[in-house]
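Please read it with the sequence and the model side by side.

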Amino acid sequence: MRIMGGDQVEQAVEGCLETLRPAADRDWDAVRAGRLEWSCRRTAEHIASDLIAYAGQLAGRVQNRYAPFEITFEGSEDGLEPAGTADVLDVIGTTGALLAAAVRTAPREARAFHPFPFGGADRSGFAAMGVTEVLLHTHDIAEGLGVAYEPPAQLAEDVLTLLFPHVRPGSAAWPTLLWATGRGDLPGRAPVTRWHWYLPPVVPAGRLTLHGVTPAAARDLALGGDGGFTWVEDGPFQGTRDAAGTVVKAYEAGVHRPEWGLFVLVRKEDGRAVGGMGFHGAPDDEQRAEVGYDLAESARGHGYASEALTALADRALARDGIRLLFAAIDDDNRPSQSVAERAGFTRATVEEERTAHGQHDLEPGLRLYVRRG
């Protein structure tokens, strides 16, 4: 499975520079960048600023705020000349190299602040955000200058599956990404006027960290891969692969919501994945959501599942639009029932169980455990 990293950052920046350098002798201040209000020069400066900001955030592990990075292009009191367009492009190349280096040298568990939507990102998230800024704003500048530009299809697909898991994929990744960011049209889809990306959610859970599974990782897991995680020897359990397949189907249908998807449980002490846990979809009209979980056999009996379920349930029930979580557990699966009980779930009432069986088509041998917000 492809992991978004330094190679992808460099590939995106190289494509940007190859496209825009032949037009560097033109007046970029006088031309608006595509549908943006910015000029082409202002947009190019923005690319460089984003790349250095992401590199600095990740390298410094900056938490809870943006670090105040700033690039000056207008000269200084030391007598430097203001940067020309070719100079700005050189700075994009330099800042792209810095982000690629920061991504390559950051450990997998490193995280730094980014405000939307979950408060932080890891190295692959910062790489993906950098690539997205480069692809989209190179398009904007090229459109303003009348220069042809289209990035490699795989780069656009990587961005879509990592940062836009809520967007139903189209027949081609690049037009879909342009549509999803308000830069193009797709047949049968309404124009986009407001948009945002989703970084994969991460939930701390005591000895574990719960990592949200992207559509690309889910597809790999469903097909027998590792999803980009380092698993304990007997993982993942088949239930995790089945849940990953459900994520893929939801993504392809355009109904996947990452905060209500699948999470992989990663042990902090050694970085190994020990199981899967997540939701069967977003809350229903009655503000109820179903949760499920499993562990590799070698990881059972250590309290990991209860620890993870407590953290995930706490986080879910703190959100708007959810009043009840439920877990459907085999009547004879006492260990799994104990996991739910230790995480604050209680046996459902007869009426709640009857309603759930009817509305969610639960098998007769399943018993319902609930936790209310």
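## Enclosed cavity

The count comes to one cavity of 30 Å³ or more, where a cavity is a set of points, on a 1 Å grid over the protein atoms alone, at which a 1.4 Å probe fits but cannot get out. The space in the largest cavity is about 60 Å³, a volume being the space filled by probe spheres set on grid points that are joined across faces, edges and corners. Its lining, meaning residues with an atom within 4 Å of a point, consists of 13 residues, and Pro200, Pro201, Val213, Thr214 and Pro258 lie nearest the centre. By class the lining of this cavity has nine nonpolar, four polar and no charged residues; Ala, Val, Leu, Ile, Met, Phe, Trp, Tyr, Cys and Pro count as nonpolar, Asp, Glu, Lys and Arg as charged, and the others, Gly among them, as polar.

This is a predicted model, in which local features need pLDDT of at least 70 and side-chain atom pairs count only at pLDDT 80 or more, while totals for chains, interfaces and linings use all residues. Residues are numbered from 1 along each chain as its sequence is written, and side-chain values use heavy atoms, with hydrogens and water left out.

## Largest pocket

A pocket is an open set of points with protein on both sides within 12 Å along at least five of seven lines, and the largest one holds about 1,200 Å³ of space. Of its 50 lining residues, His280, Val291, Gly292, Tyr293 and Asp294 are the closest to its centre. Among the elements giving two or more residues to this lining are strand E5 (288–295) and helix H8 (238–253), with helices (H or I, at least four residues) and strands (E, at least two) taken as DSSP runs numbered from the N terminus. The largest share, seven residues, comes from H8, and by class the lining has 23 nonpolar, 18 polar and nine charged residues.

## Nonpolar cores

A nonpolar core is a set of buried Ala, Val, Leu, Ile, Met, Phe, Trp, Tyr and Cys residues joined through side-chain atoms within 4.5 Å, buried meaning under 20% relative accessible area with a 1.4 Å probe and protein chains only. The largest has 64 residues, and Ile92, Ile141 and Phe164 have the most contacts inside it; H4 supplies its largest share, eleven residues. A second, separate core of 35 residues includes Ala205, Leu265, Ala305 and Phe345.

## Helix H1

The buried residues of H1, including Val9, Val13 and Leu17, pack against helices H2 (40–60), H3 (85–105), H4 (123–145) and H5 (153–163).

Note on methods. Buried < 20%, exposed > 50% of the residue type's maximum accessible area, 1.4 Å probe, protein only. Contact = heavy atoms within 4.5 Å.
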